[in-house]
Amino acid sequence: MDLIIPFKIGDFAESKSFVAGFRGAWFRSKINDMRVTECGHLEYYLEYTDYTEEAHEWIEVFQKNPFNSASQKKESSTSSQIMLRPPFPKWYRGDQVPEHFSKSELIASVRHTWKVGDCVDWHCSDCYWTGKIVKLISDDVVEVLLVEPPIGEGGPPHQVNHKDLRPALDWSIIEGWTVPLSAANGKRWYAARLIHPKSGIEESKTGEDDALENMRLTSTHKSLGPCKRGAHGSRKRQISPSELVQLQPHDTTKGVTAEPERPSNRTGARRYPLRVRKLVKNALVRQK
């Protein structure tokens, strides 16, 4: 089956990296160019919109995680991962969901408060780190544990303000946006639900937690994947699984974190002095 790549020059997207110190983080990007290399690798030329001091770079769209030994041993293209996804959908809390919005706009809805076990993205140093809430500290602060290696950076929990969190969502070419299962104390639930006007899905009138539990197998946690949107295929480049190949990891980073108790790049990869100075200054201001 040919895969429909739903990105074109000029599109905004979120990108990820397998560089140690930045695994599990998503970076807001803009696609400025694209090419197919002599080896048949599809690449996009990305501008990192939150890192204006960083040079633009070519990234290979499909890569294997160099830290995952099981992935490296597989010769099948199914072990490759797509390094881009569309911009994150707008999301709202509880009854803040608007009554009217674009007919083609997918939105996410979450409960009023976070709880232990929720899968979240933490906004830190101008990118989003995927993790899980492991402890409630106060009305406004929680502890978040980042995804463990080889997918993420892991490490000790980080104390995070509620305002820096958004629900974690997954995206694939086949399924589109989906909501990952949250879990704690032997229970599982969805921390968010997806709402699309064309689906005819309405908010549940039952209890909030019961509704989330009952929606486990419904379409409220999946969007229509690009491969299922036949009407939009004409503008997209199609790529067959045979073109998915292994990429040697680039020695680049998406910024440097100099803030205390924040994810950081400890590998000595290239850094940007202006970016470092800004982050150190901000960290000192907060400490005061």
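Reader: Let's start with charges: in which kind of contact do the side chains of Arg 35 and Glu 43 meet?

Author: The general idea is that side chains of opposite charge can pair when their charged atoms come close. Here Arg 35 and Glu 43 meet in a salt bridge, with N to O at 2.7 Å. Keep in mind as we go that this is a predicted model.

Reader: Is Glu 43 buried or exposed?

Author: Glu 43 is buried, with a relative accessible area of 8%.

Reader: How many salt bridges does the count come to?

Author: The count is 11 salt bridges. One of them pairs Arg 23 with Glu 153, and the closest N and O atoms there are 2.8 Å apart. Arg 23 sits in the loop between strand E2 (12-15) and E3, while Glu 153 sits in the loop between E13 and strand E14 (158-161), so the pair links distant parts of the chain, 130 residues apart. Arg 23 is buried at 10% relative accessibility, and Glu 153 is buried at 16%.

Reader: And which residues are linked in a network of salt bridges?

Author: Glu 14, Arg 85, Asp 121 and Arg 166 form that network. Take the contact between Asp 121 and Arg 166: it is a salt bridge at 3.0 Å, N to O. Asp 121 belongs to strand E11 and Arg 166 to strand E15 (residues 165-167), so their pairing ties together parts that are 45 residues apart in sequence. Both Asp 121 and Arg 166 are buried.

Reader: Okay, strands next. Which way do the residues of strand E20 point?

Author: As a rule, side chains in a regular strand alternate between the two faces of the sheet. In strand E20 (residues 192-195), Ala 192 and Leu 194 point one way, Arg 193 and Ile 195 point the other way, and all are buried.

Reader: In which sense do strand E10 and E20 pair?

Author: Strand E10 (residues 107-110) and E20 pair in the antiparallel sense, over 4 bridges. If you want to find the pairing on screen, look for Ala 108, whose bridge partner in E20 is Leu 194.

Reader: Where does Phe 27 lie?

Author: Phe 27 lies in strand E3, which runs over residues 25-36. Phe 27 is buried, with a relative accessible area of 0%.

Reader: I always check the cysteines. How many disulfides does the count come to?

Author: A disulfide is a covalent bond between the sulfur atoms of two cysteines. The count here is 0 disulfides. Take Cys 124: the closest cysteine sulfur belongs to Cys 127 and is 6.4 Å away, which is too far for a bond, because the cut-off is 2.5 Å. Cys 124 is buried at 1%, whereas Cys 39 is exposed at 62% relative accessibility.

Reader: Last one, the backbone. What kind of peptide bond joins Pro 149 and Pro 150?

Author: Pro 149 and Pro 150 are joined by a cis peptide bond, with omega at about 10°. Pro 150 is in the loop between E13 and E14.

Reader: And what about the phi of Ser 125?

Author: Ser 125 has a positive phi of about 55°, although it is not a glycine. Asp 126 also has a positive phi, near 65°. Ser 125 is in the loop between E11 and E12, and Asp 126 lies in the loop between E11 and E12 too. Ser 125 is buried at 9%, while Asp 126 is partly exposed at 27%.

Methods: Residues numbered from 1 in each chain as written. Predicted model: local features only at pLDDT ≥ 70, side-chain atom pairs only at ≥ 80, totals over all residues. Heavy atoms only, no water. Buried < 20%, exposed > 50% of the residue type's maximum accessible area, 1.4 Å probe, protein only. Helix = DSSP H or I, 4+ residues; strand = E, 2+ residues; numbered from the N terminus. Pairing = 2+ DSSP bridges. Salt bridge = Lys/Arg side-chain N within 4 Å of Asp/Glu carboxyl O.
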